[in-house]
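Reader: I would like a close look at a single part of this model. Please keep the answer brisk.

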Amino acid sequence: MKVLVPIKRVVDYNVKIRVKSDNSGVELSNIKMSMNPFDEIAVEEAIRLKEAGTVSEIIVISIGPQQAQETIRTALAMGADRGILIKTDELVEPLNVAKLIKGVSEEENPEIIILGKQAIDDDSNQTGQMLAALLGWSQGTFASELKFSDGKINVIREIDGGLQTIDIKLPSIITTDLRLNEPRYASLPNIMKAKKKPIDEKSPEDYNIQISPMLEILKVSEPAQREAGIKVETVEELVDKLKNEAGVI
Amino acid sequence: MKKEILNKIQKVVGKSNIILQEDDMHNYLTEWRGVYSGKAAAVIKPKSTNEVSRVLKIAYEYNIPIITQGGNTGLVGGQIPFDKNHLLLSLEKLNKVREVNNIDRSITAEAGIKLSELQNICMKNNLFFPLSLASEGSCTIGGNIATNAGGVGVLYYGNTRELVLGLEVVLPDGKIINNLQALVKDNTGYSIKNLFIGSEGTLGVITAATVKAFPQPKEKYTAFLKINSPNKSIKALRIIQESISTPLTAFELMNNRSIQFVIRHIPKTFAPFSKFKWMVLVEFSSLESSDLEKERIEKTLNGLIDLGLVEDAVLSNSKSQSKNMWKLRESISEAQKKEGGSIKNDISVPIKFINKFIHDATSISKKNIPDSRCVIFGHIGDGNIHFNISQPPKAEKQEFLKKENHLRKKIVELTMSLDGSFSAEHGIGLARKGDLKKYKKDKLILMKGIKESIDKKNIMNPGKIFDY
Ligand SMILES: Cc1cc2nc3c(=O)[nH]c(=O)nc-3n(C[C@H](O)[C@H](O)[C@H](O)COP(=O)(O)OP(=O)(O)OC[C@H]3O[C@@H](n4cnc5c(N)ncnc54)[C@H](O)[C@@H]3O)c2cc1C
């Protein structure tokens, strides 16, 4: 059984992002980029499935600029088998991404596609669901545990305030939540081997898709600054400040 | 202590900056490991250099000893007073930044600022302050200077001593000596600043410092190397330094036991290799971010595997992974604490003797306490090893600690026979006074002469470094 894992190159989770001065987006020049953390979990899960013998081949796809090839190499170094880069310098939106993945899926015929539940740059949380609809496949979103038994996947889902367990029939879309696994480090010998693994370069046109954005970003702004707290020395001072400055009592 | 003296001091710092109740002093009189627990007449928290000076004048007049404290993270008892007639001078409120100077690339801050805050302020100003220790969330720059702290960046950036450009200090009689200029070159006689660096509060109070900052690295490459012996790690270190021009900013050796303890006690940690004897945390810091550089690092590290020096290696591919790698290294002390009693040795030896030291010190531990567990880690590129011996799993802690003096003595003997230092990073304080007397007699006499000429009344942290 083949598995497809779409991965996105995003601003590193630990980078403190800055909004551009004209509010058109966030500053991306000279900023550390990494694989979307949820996608990293998706890659790890696919590798574990391969190690368990459930899966025979792992194909990673990234849709983005030339540098997204680095992200693909990272996945290959972790243990994926080959990569597909669909090159575009446009801003990619969930529906376009879902259509392109569908295109790849029709060529590759995987039985599972594992995606991150969202990408941490735009937090859309839509691609997996749209893809399930486009392909007409079952979906197990926000997965924190997967168990495979002939033709079915038992998925534990993280839902508001608890867990939900469902059985879905293959072929399926899975989207990953944080607790699904802890992604491994890429080992150096594997990094060296990954340099030789094949990456196919494609364009959206190869799948008859035009990447034209449907959303127009009007403005990106920083969250409101929280004012620093103060320390008071006495209860009297506290009461005084609550009364006269904060006006809450 | 006479009420009148405390009243005078209270007038200087204000009522809310003096603690007189013993119950409220607890956090200042004990340290995190609970090894030392002291006594004091009061805890005083001045907010300015001027207040420090006025407090010291009063103390000088009445011959009252002053024990200066920063973040209370010192590991040798130097920051703790042990007498009902001594005053603890806490600098936690003397913590303002005075100047961020992007042209000289320096920053001037008061002594009580937390190290982590100083790092953050530098970062916000597009600068980098490289001093970094596991205690950085609590320790202060004044304490770092007073102990000449080392930490993980020494390999490339040097000890605290190399990072200090100028100091402001208050002498025992209250006189303020200001020497804060950001001068790289200043050959105007004895280096007073260097006298105060590492003085552990025995000469005066450091109230502010001008320290060097560096350009902010854009990219960090973090890796773990799996290695069979400390000797091989040294060989690997030299090859890396000879073949990669990207600054190598960390090279931290850890034995299997230290990582086992971390994984057992610290949530969300996992070992990068399924089996290993030793592991090294390697980090490169670069001002650029280029594929070429990354490839060179990968190639060189991979070459170490081909040479048989390294068994396996993993490389981080995001800042989160780098953070997780550092977490393993930085949690060792905390994890070891949860394994019961431990006997700590912070030693350094010339790098050529590291392997012998580790081998012989392990034999000493096993011979004296067969089931003891050696937690060995440290800044191996500086020749600095933390050789800590944890009690056997089922032993009685107190029973185990009875052997501390004997075991420490043996390990110090070994260290000195290898031309090493019995205190590489943590200083003398109370804990290493005996070793200083035994091994550094001549130096101690010279130091005593300096101490007596600056602190005539012996009121600056008396009983520390020197006998009372
Ligand atoms: C988890 C942990 C990890 C550590 N790792 C390292 C490490 O890697 N490398 C290392 O070198 N140390 C390390 N230490 C030791 C300790 O953090 C350092 O010695 C630190 O520099 C002390 O700073 P502090 O502000 O806490 O000083 P304190 O503990 O308050 O004081 C230490 C000494 O300095 C004197 N002093 C403090 N401030 C002043 C001042 N303004 N003027 C004059 N004298 C003063 C005190 O009197 C005392 O003698 C570690 C400690 C812990 C708890």
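Which element gives the most to the shell around the ligand, and with how many residues?

Author: H5(B) gives the most to the shell around the ligand, with 4 residues. This is a predicted model, where local features need pLDDT of at least 70, side-chain atom pairs count only at pLDDT 80 or more, and totals for chains, interfaces and linings use all residues. Residues are numbered from 1 along each chain as its sequence is written, chains are lettered from A and ligands numbered from 1 in the order written, and side-chain values use heavy atoms, without hydrogens and water.

Now the shell. There are 35 residues around the ligand, each with a heavy atom within 4 Å of it. B:Thr68, B:Thr73, B:Gly74, B:Ser135 and B:Thr140 come nearest. By type, the shell holds 11 nonpolar, 22 polar and 2 charged residues. Here Ala, Val, Leu, Ile, Met, Phe, Trp, Tyr, Cys and Pro count as nonpolar, Asp, Glu, Lys and Arg as charged, and the others, Gly among them, as polar.

Next, the polar atoms. A polar side-chain atom of B:Asn144 lies 2.8 Å from a ligand oxygen atom. At B:Gly71, a polar backbone atom is 2.8 Å from an oxygen atom of the ligand. For B:Glu200, a backbone N or O atom lies 3.1 Å from a ligand oxygen atom. On its own the ligand has 980 Å² of accessible area (Shrake-Rupley, 1.4 Å probe), and the protein covers 95% of that.

Back to the elements. Strand E3 (66-69), helix H5 (141-146) and strand E10 (205-212) of chain B give two or more residues to the shell. Helices (H or I, at least four residues) and strands (E, at least two) are DSSP runs, numbered from the N terminus.

Notes:
A polar contact is a pair of N or O atoms within 3.5 Å; within protein, one must be able to donate a hydrogen and the other to accept it, and residues adjacent in sequence count only if both atoms are side-chain atoms.
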